[in-house]
Amino acid sequence: MSIATINPANGQLLKTYDPMSPEQVDAAIGRAADAFRTLHSTTFAERGRWMNAAADLLLQECDELAQLMTVEMGKTFVSARAEVAKCASACRFYAANAERLLADEPGDAKAVGATRAFTRYQPLGPVLAVMPWNFPLWQVMRFAAPALMAGNVGLLKHASNVPQTALYLDELFRRAGFPVGAFQALIVGYEAVEQVLVDPRVRAATLTGSERAGRSVARIAGQEIKKTVLELGGSDPFVVMPSADVERAAEVATTARCQNNGQSCIAAKRFIVHTDVFDAFAEAFALRMDALQVGDPMDPTTDVGPLATEQGRIDVEEQVDDAVRLGARVLCGGQRPEGDGWFYPPTVVTDLTPSMRMWTEEVFGPVAGLFRVDSYEEAIDLANGTNFGLGSNAWTRDPAEQERFARDLDAGSVFINGMTTSFPELPFGGVKNSGYGRELSAHGIREFCNTKTVWVGEGTATGGAGSHSE
Ligand code: NAP
């Protein structure tokens, strides 16, 4: 894919970029290694000041930055502004809490024959971040804010269709006060990732994106014995049980499927509804989906803008067409509109069967698969019956059933009676082919730290209790 800004609302090519040469990439890694030496010796208070300054800049520049994201990948301007605000609050969260989250943890010194024993969290060094276009600011920030506050430095390889957002981020942290080289964008295609991953100065990597990209990065990093965090795809279940508030569930289902024009990893994608409330939910859901306003993402009345890429729309269209050809029923949407731009309407498809692609594949667009089940057990089997395990959603007012869903859904998160989302205060990540490792909260900031054991004895001839060495 060429590195370019193409407006998905009309298909116009606005700007292209030449990829950096291997020599330029090498020089950037050198700057990162130098910056790590500087950043490592700064205090949490200094880094916190810079991180808060980055939050201030984001808020001051909110409108122009939001517009840039809308032009590059088609999200509505309203949601782009919300994304900027969410990023600013993540910066503030880690500015305020990193020192506490990474404080030394005392161990039982007496039990290990020490005068002092503790765990210390220390930064690793330059970390490569391979990021997707769907939340072009947030995906990067949820890595960058904790990583920089821990004292790591970042090398961003952003998606090729959001180069201007990447360049904004390249400057943001330097303008906020972080040392030169502490956070840099590498304007390269995915082919350049290997050069960075195998470089001994780069200590770890994180990737948010597709399974295919995740496997490639994990394979190379595994060969190099480097830590990785992978945030990959999902096909989240949204289960509605008889005790649910069906109207409320249908309202949230609509947002959960269509937010970000249907291109969110934790969007609800498979709607699994108990037969007792199936008809009521199906009707309410299809009505709401059909009523969404599709159009110009800059217009504040628009709910759903275009898909980010032409190929993205083709993929969604082919998945729906495949289901229809094999006997599925379309309750609303299902046909691309005439005209410019990569629009696809909110769509609900039911009567799905295992031979259809929509049964197992992630659909990255505003298309919901609707399934009828007769029991809790059937709902769980269907919900867990994919290779993914990112988020999950269950709607029930029965406390015992809420407990069962929390226990039985095989996913990185379970949200009950509310939409799956992410918070700086809670861990985020998946199981199975949705990836491994966690972002956000204490878990996220510790992923790229050396969890160092420190044991201090008296230093006398009889001191120390080491029973054996390894
Ligand atoms: P993608 O093709 O995997 O792209 C994501 C990033 O990976 C881009 O920077 C891309 O670079 C790079 N990349 C692609 N192939 C690569 C390879 N072989 N080696 C190294 N890097 C590679 O993902 P997408 O299809 O654009 O994004 C949608 C997917 O991301 C969906 O599956 C979605 O669920 C997932 N996602 C997951 C999360 C999460 O938190 N779990 C969040 C958002 C999205 P180029 O642009 O240069 O190709």
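Which residue forms a salt bridge with aspartate 104? The partner is arginine 120, and the closest N and O atoms of the two are 2.7 Å apart. The pair links distant parts of the chain, 16 residues apart. Aspartate 104 sits in the loop between helix H4 (77-101) and strand E3 (105-106). Arginine 120 sits in strand E4 (residues 116-123). Aspartate 104 has a relative accessibility of 36%, so it counts as partly exposed. Arginine 120, at 33%, is partly exposed as well. All of this is read from a predicted model.

That pair belongs to a longer list. A search of the whole structure finds 23 salt bridges. Side chains of opposite charge can pair when their charged atoms come close.

Take lysine 269 and glutamate 362. Their side chains meet in a salt bridge, with N and O 2.8 Å apart. Is lysine 269 buried or exposed? Its relative accessibility is 3%, and buried means under 20%, so lysine 269 counts as buried. Glutamate 362 has 22%, so this residue counts as partly exposed.

Next comes aspartate 351, which forms a salt bridge with arginine 329. Here the closest N and O atoms are 2.9 Å apart.

The network involves three residues. Asp26, Asp199 and Arg201 are linked by salt bridges.

Now step back to the domains. The domain assignment gives domain 1 as 3-231 + 440-454, and domain 2 as 236-416. Their centres, taken over C-alpha atoms, are separated by 31 Å. Domain 1 puts 19 residues into the contact, and domain 2 puts in 22 residues.

How much area do domain 1 and domain 2 bury between them? The figure is about 1,600 Å², with 65% of it on carbon and sulfur atoms. The size of an interface is often given as the accessible area lost when the parts come together. The count of salt bridges between domain 1 and domain 2 is zero. Polar contacts do occur: six residue pairs are found across the interface, with both residues at pLDDT 80 or more. On the side of domain 1 that touches domain 2, the elements giving two or more residues are helix H3 (62-73) and H4. H3 gives the most to that side, with three residues. The residues on this side of domain 1 divide into eight nonpolar, eight polar and three charged.

Threonine 347 is in strand E13. Its relative accessible area is 0%, so threonine 347 is buried. Apart from residues up to four places away in sequence, threonine 347 touches Met289, Val330, Cys332, Gly333, Gly334, Pro366, Val367 and Ala368. A polar atom of the threonine 347 side chain also lies 2.7 Å from the backbone oxygen of proline 345.

Asparagine 52 is placed in helix H2 (residues 44-60). At 28% relative accessibility, asparagine 52 counts as partly exposed. Leaving aside neighbours within four places in sequence, asparagine 52 is in contact with Arg92 and Ala95. Asparagine 52 and leucine 232 are 180 residues apart in sequence and 29 Å apart in space, C-alpha to C-alpha.

Which residues does threonine 115 touch, not counting residues up to four places away in sequence? They are Ala109, Val456, Gly457 and Glu458. Threonine 115 is found in the loop between E3 and E4. With a relative accessibility of 43%, threonine 115 counts as partly exposed. Threonine 115 and glycine 459 are 344 residues apart in sequence, and 9.7 Å apart in space, C-alpha to C-alpha.

Key: Residues are numbered from 1 along each chain as its sequence is written. This is a predicted model: local features need pLDDT of at least 70, side-chain atom pairs count only at pLDDT 80 or more; totals for chains, interfaces and linings use all residues. Side-chain values use heavy atoms; hydrogens and water are left out. A salt bridge is a side-chain nitrogen of Lys or Arg within 4 Å of a carboxyl oxygen of Asp or Glu. Helices (H or I, at least four residues) and strands (E, at least two) are DSSP runs, numbered from the N terminus. Buried means under 20% relative accessible area, exposed over 50%, partly exposed in between (1.4 Å probe, protein chains only). Domain bounds come from an automatic or database domain assignment. Contact means heavy atoms within 4.5 Å. Buried area is the accessible area (1.4 Å probe) that two parts lose on being put together, summed over both. A polar contact is a pair of N or O atoms within 3.5 Å; within protein, one must be able to donate a hydrogen and the other to accept it, and residues adjacent in sequence count only if both atoms are side-chain atoms. Ala, Val, Leu, Ile, Met, Phe, Trp, Tyr, Cys and Pro count as nonpolar, Asp, Glu, Lys and Arg as charged, and the others, Gly among them, as polar.
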